[in-house]
Amino acid sequence: MGSLKDVFKNFSDFTGRMTPSQVMMLFGVVAGTIVGVVLLVGWVNNVTYSRLYSNLEESEAGEVISYLNDNKIPYKLGDGGRSIEVPSDDVYKTRISLAAEGLPRAGSIGYSLFDKNNLGMTDFLQNLNFRRALEGELTRTIMQLSEVQAARVHIVIPKDRLFREDKKEATASVLLKLKGHAQLARAQIAGISHLVASSVEGLSPENITIVDYEGNLLSGGRKTDRLAGLSSSQLEVRQSVESYLEEKAQSMLDGVLGVGKAIVRVTADLNFQQVEKTAETYDPNAPVIRSEERTRATNSATDKSEQLSESNKQDNTETIVTNYEINKTVEHIINAVGTVDRLSVAVMVDGTYPVPEGGSGGDAAPVYQPRSAEELDRLAAVVRNAVGFQPQRNDQIEMFNIPFDRQELQIEQQQLDTMYQRDFYWEIGKKVGIVLLVILAFFYLKSKSKKLFKALGGMMPAPRPHHYSPSGPSAIQDEEEPSPIVLEKRKPRLVDHMQQTAKEKPDEVAKVIKTLMIE
């Protein structure tokens, strides 16, 4: 206890010799050190948790928590007990350990189901396990989509039949749970259907049904109408052709007239008829020898009367038969699909707005002036070349020169300018206000700190005077009996002297003041 009192006494003596500002600085340093040590210890002991599993069933979560408790692994529960978090450094190690224990037991099972050799398994169980593994692999693949949170795949593979009329087609159903308000595009739904159909033998996309968790039918349920699908694709091709031609013409007019000075619309009539022709052409002017047959005969005749005078005579006959083939050309022609039959182009061009003579640009309003016929003809020629105008197809182009109504555009521009100016001045006002608040806070805290230091200085004990004295009994006596403080008499100041003179000689002081006022 004595040493503790000495420590407090020494500390009191040390602070007693300090000024109030030094005492405040000392307390500030000590408090800052304590807070820093507390924060450092908290940061060192802080544990970051990461997601181990999510969307677990209650039974699965119970088994996983039981394993974590047995192995003394800290964890946190979330999402109503369906998600489990463990320290980040133990996530992968814990997952491997749980997988070795077969946890969690539910979920999608893939081809790892066949890693274990089960002797004596029947063909029925083999087929069942194959279907389960295939469903699990498809589920994992579908869940790779960013919009899909969970998925289930069910496949029905019919038995093989002896007769074709008794054979049934394979079917499948896919249940999807989407994340939040995410939506699947039509191309993504078609991609899922073709993915499942390509993974199962004998399964066609028409026999796949895709449903979300709200029961909405996304795809399947009936056979696809080929005519309806063809019409949809034809409409998309037509729209793409029209947009392409419009963009070409619009870009050229914008470069010549300026943005917003012209509007181009194109209507394209496309031919989607697919025609196959087989033509045989004969050319009678260019015959070709197909076959030729030659026959030669020899006859012998003997004249008895002239046998002695003349020799034997021979009669030779040759017959030629020639077959000709007329030249023939066989052509198999397939017409292209989506060719342009006719184009209809409509162009609206705004006029010019020159400023009247004698008026300044800021005071006088511009006046609409239509464009000349020559200028419109030149612009029409430009558009014809841009869209590939062909008179043989009965293409049509119409160009109109009309004034554009820009009142709404001007109102919107004024509103945008007003909003921009309001935001601009608001930002400036906020910055100025923050600066003023900082300045006021600085002066306010400065005045308060002075009063605080003054009040703390009054609460602190005054420093005791230290006098040097030689060592010995006299020094000890001086420490035990401090010498009394003697107040030194101060010298009278000029003001005090004038006050004393005014009291003693008021008449003389009045004369001096009167003389000063006269001067």
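## Basis

In this predicted model, local features need pLDDT of at least 70 and side-chain atom pairs count only at pLDDT 80 or more, while totals for chains, interfaces and linings use all residues. Residues are numbered from 1 along each chain as its sequence is written, and side-chain values use heavy atoms, with hydrogens and water left out.

## Sheet and helices

Three strands form an open sheet in the order 1-3-2, with antiparallel pairing; strands (E, at least two residues) and helices (H or I, at least four) are DSSP runs numbered from the N terminus, and two strands pair if DSSP finds at least two bridges between them. Strand 1 (49–53) and strand 2 (76–78) are the edge strands, each pairing on one side only. Strand 2 is joined to strand 3 (residues 83–87) by three bridges, and Gly78 stands opposite Ser83 in strand 3.

Helix 3 (residues 58–70) lies across strand 1, strand 2 and strand 3, at about 20° to strand 3, where axes are lines fitted to C-alpha atoms, for helices over the stretch in contact, and angles run from 0 to 180 degrees between N-to-C directions. Helix 4 (residues 91–100) packs on the sheet, touching strand 1 and strand 3, with contact meaning heavy atoms within 4.5 Å.

## A charge over a ring

Arg384 lies over the face of Phe389, at 5.6 Å from the ring centre; the criterion is NZ of Lys or CZ of Arg within 6 Å of the ring centre and within 35 degrees of the ring normal.
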